[in-house]
Amino acid sequence: MPTGEIYFRHSLRVNDYLCQGCTTCMRTCPTAAIRIRGGKAVISDNKCVDCGECMKACPHKAIYIKQDDFGLIENYRYRVCLVPTTFIGQFDTKYKTKAIYSCLLKLGFTHIYEVEHEVPRMMELYNRYMEDHPEISTFISPYCPAVTRLIQVRFPSLVDNVIHVRAPLELASRVIVKRLMDDGARRESIGVFYVTPCAAKIAAVKYPVSGKETYVSGVINMDFLYNKVLLMLHDSDKNAQPINHALTARDVMWPLAGGEAVNFKGYQYAVDGLQNVLNFLEKLEDEAVDAPGLVEMRICDQGCVGGVLTTNDRFVARKRLEYRARLFERLENSKLRESSNEDNTLTPEWIKDMEIPDIKPRSIYKLNDNYAEAFKMAERMKKIEKALPGVNCSACGAPSCAALAEDIVRGDANADTCVFINPLSKTSKDAMNRIWGDRIKSNKEEQ
Amino acid sequence: MHYTFKIERGNFTDAGQASSSVKRTLKQLGVDPVNIKRTVVALFEAEINAVAHAYGGTIDVDIDGEKIVMVVADEGPGIPNIDLAMQEGWSTASPQVREMGYGAGMGLPNIKKNTDDLKIDTKIGVGTTVTMTVYLT
């Protein structure tokens with residue numbers, strides 16, 4: 001279906017065997033990236049932002065995220081499990097963090113490293129960027145990769161508002177690799193495996209906006225690892241050794257909605273949930289809202305605990321992380337962290353590596369590169385839209401009448417697919433009119 | 001391409017529909033984001049002005065190959081002193097309007113800043129017609 005250059009690739013896939021073509025995913029998609037063709041959902045590469053809303057919505061579990069083979073870890077002598085705190089939020093608080101981690105070690109990993117260990121350095125990177133760009137009033141956090149892509153395709157005028165810094169997992173993988181190499185490991189013997197709560201983070205590793213090299217060797221879906229660990233936790237071991245870590249309350253809360261923004265000076269805003277993000281970006285683009293400062297944005301409701309690959313309820317997971325954060329506070333982890341010999345500085349190499357040189361606008365609305373041609377198409381589209389019934393029934397395989405109008409002018413669909421314009425028989429026409437009133441219009445426009 | 005919208009007095013909640021709709025078309029045309037922003041901001045300000053001060057009105061937008069012409073025509077009290085109204089911070093908005101976050105006296109100056117051509121026809125006790133033009137190239 002897509003024509004021309006493909007600049008995005010995705011981790012979300014449709015299982016044609018399970019897909020019923022029920023249109024549920026298509027109507028949920030925020031970028032109208034899905035069409036029904038041959039009775040199955042088809043995702044357009046350049047429009048999809050990997051938000052995962054389609055997968056959450058699918059009643060047939062027909063949309064899945066392709067993960068790397070777990071056996072891949074065997075290729076490395078040093079096998080690092082790069083885990084976000086969202087993962088421990090999945091488990092009942094009766095399980096100690098070290099017991100969960102000891103299960104990961106038993107599964108074959110040799111090292112555990114939490115992404116949130118990099119919070120202090122990430123904050124410094126954000127602050128540097130904001131200080132270097134006094135001309136920008138509203139900064140958007142680059143934390144949620146789906147938000148960055150959404151901005152590229154739907155709100156291209158806002159690409160410069162996004163802090164041009166790569167994802168925390170990129171920094172974390174560099175830090176742990178360096179640490180292991182300082183201890184004598186060879187670079188090629190180290191494999192870093194990220195445990196992902198969502199599709200967007202996989203896409204960000206595999207097909208980064210920055211176009212730069214990743215240090216992550218593989219990505220494992222969080223639900224897959226959760227099931228494995230949960231089975232082992234029942235014979236949970238009392239001998240589990242704590243890992244040197246001293247995550248602070250602030251670090252643990254980072255993936256939660258509001259957990260990031262609150263740490264920055266000046267005004268900050270925390271926007272979570274797809275609809276809220278869309279509304280806020282819309283207003284920001286129109287300058288209908290004045291929001292100087294830092295905007296944290298998460299596509300998933302409640303932040304990463306709402307990710308499509310998490311197993312437990314997001315509100316429960318949030319509470320669990322809050323509980324652990326309080327526990328870490330009682331244990332005075334922040335003091336522990338300050339007094340540890342751990343080096344929290346940023347090397348010039350990391351600063352350079354973490355930079356995103358350019359976030360390109362990739363408008364999905366633009367009809368043609370040639371203005372005169374686009375103008376003709378837009379005029380025609382407006383006419384077609386008027387002729388369509390406007391009930392967004394999706395029977396044509398497009399999510400809305402507006403989307404069908406666009407498909408028609410782009411040459412991807414025909415007007416005769418509209419059941420209102422092209423009713424099968426007099427009887428079906430009468431039946432339609434009984435339900436929708438007199439909406440069946442002539443298809444003069446298309447003839 | 002032509003668009004027409006209605007303006008309802010005091011309805012701040014629904015204001016912005018005209019600019020959203022125009023924005024969608026400009027994005028389809030691949031208009032430069034800077035010009036899209038200028039257009040949308042100017043149109044929104046003009047609409048808010050009419051919502052805040054007038055009794056009602058209409059918005060007419062025409063887009064052609066080289067420019068966008070937006071005409072916001074209202075029936076209202078008119079502007080007694082245009083020179084004053086063009087000054088930043090000068091406002092006759094009611095306390096209620098100010099309480100909603102509008103009426104800071106930036107409307108007309110902001111429109112001026114964001115358009116290439118601005119014409120204001122006003123008659124006391126009859127109404128105001130604001131004609132704004134943004135050139136695309």
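Which loop of chain A holds Gln302(A)? Gln302(A) sits between strand S11 (293–298) and helix H12 (314–330) of chain A, where helices (H or I, at least four residues) and strands (E, at least two) are DSSP runs numbered from the N terminus. This is a predicted model, so a quick word on ground rules: local features need pLDDT of at least 70, side-chain atom pairs count only at pLDDT 80 or more, and totals for chains, interfaces and linings use all residues. Residues are numbered from 1 along each chain as its sequence is written, while chains are lettered from A and ligands numbered from 1 in the order in which they are written.

**Loop residues with positive phi**

- Gln302(A) is not a glycine, yet its phi is positive, about 75 degrees.
- Gln302(A) counts as buried, with 20 C-beta neighbours inside 10 Å; the label buried needs 20 or more other C-beta atoms within 10 Å of the residue's own, exposed means 12 or fewer, partly exposed is in between, and C-beta atoms are placed from the backbone.
- Thr23(A), also not a glycine, has a positive phi of about 75 degrees.
- The loop that holds Thr23(A) runs between strand S1 (12–14) and H1 of chain A.
- Thr23(A) is partly exposed, with 18 other C-beta atoms within 10 Å.

**Domains of chain A**

- Chain A is assigned domain 1 (1–65), domain 2 (70–353) and domain 3 (368–447); these bounds come from an automatic or database domain assignment.
- Domain 1 of chain A puts 10 residues into its contact with domain 3 of chain A, which puts in six; contact here means that the C-beta atoms of two residues, placed from the backbone, lie within 7 Å.
- On the domain 1 side of that contact, helix H1 (24–28) and strand S2 (34–37) of chain A each supply at least two residues.
- S2(A) has the largest share of that side, with four residues.
- By class, the domain 1 side has six nonpolar, one polar and three charged residues; Ala, Val, Leu, Ile, Met, Phe, Trp, Tyr, Cys and Pro count as nonpolar, Asp, Glu, Lys and Arg as charged, and the others, Gly among them, as polar.

**Where chain A meets chain B**

- The contact between the chains draws 15 residues from chain B and 17 from chain A.
- On the chain B side, helix H1 (17–29) and helix H2 (33–53) of chain B are the elements that give two or more residues.
- H2(B) gives the most to this side, with six residues.
- The chain B side divides into seven nonpolar, six polar and two charged residues.
- Helix H15 (residues 371–387) of chain A and H1(B) have axes that come within 8 Å and cross at roughly 135 degrees; axes are lines fitted to C-alpha atoms, for helices over the stretch in contact, with angles from 0 to 180 degrees between N-to-C directions.
- H15(A) and H1(B) are therefore oblique to each other, given that under 35 degrees is roughly parallel, over 145 roughly antiparallel, 65 to 115 roughly perpendicular and the rest oblique.
- From H15(A), Tyr371(A), Ala374(A), Phe375(A) and Ala378(A) meet Thr25(B), Gln28(B) and Leu29(B) of H1(B).
- That helix pair brings together five nonpolar, two polar and no charged residues.
- Lys382(A) has its place in helix H15 of chain A, and is partly exposed, with 16 C-beta neighbours inside 10 Å.

- H7(A) is largely enclosed by the rest of the structure, because 11 of its 15 residues are buried.
- The buried residues of H7(A) pack against strand S5 (78–83), strand S6 (111–114), helix H5 (119–132), strand S8 (190–196) and helix H14 (348–353) of chain A.
- Helix H4 (residues 97–106) of chain A has buried residues including Ile100(A), Tyr101(A) and Leu104(A).
- The buried residues of H4(A) pack against elements of chain A that include S5, S6 and H12.
- Gly108(A) follows H4(A) and has a positive phi, near 130 degrees.

**A buried valine in chain B**

- Val72(B) lies in strand S3 (residues 67–75) of chain B and is buried, with 26 other C-beta atoms within 10 Å.
- Neighbours within four places in sequence aside, Val72(B) is in contact with residues including Ala46(B), Ala50(B), Ile59(B) and Val130(B).
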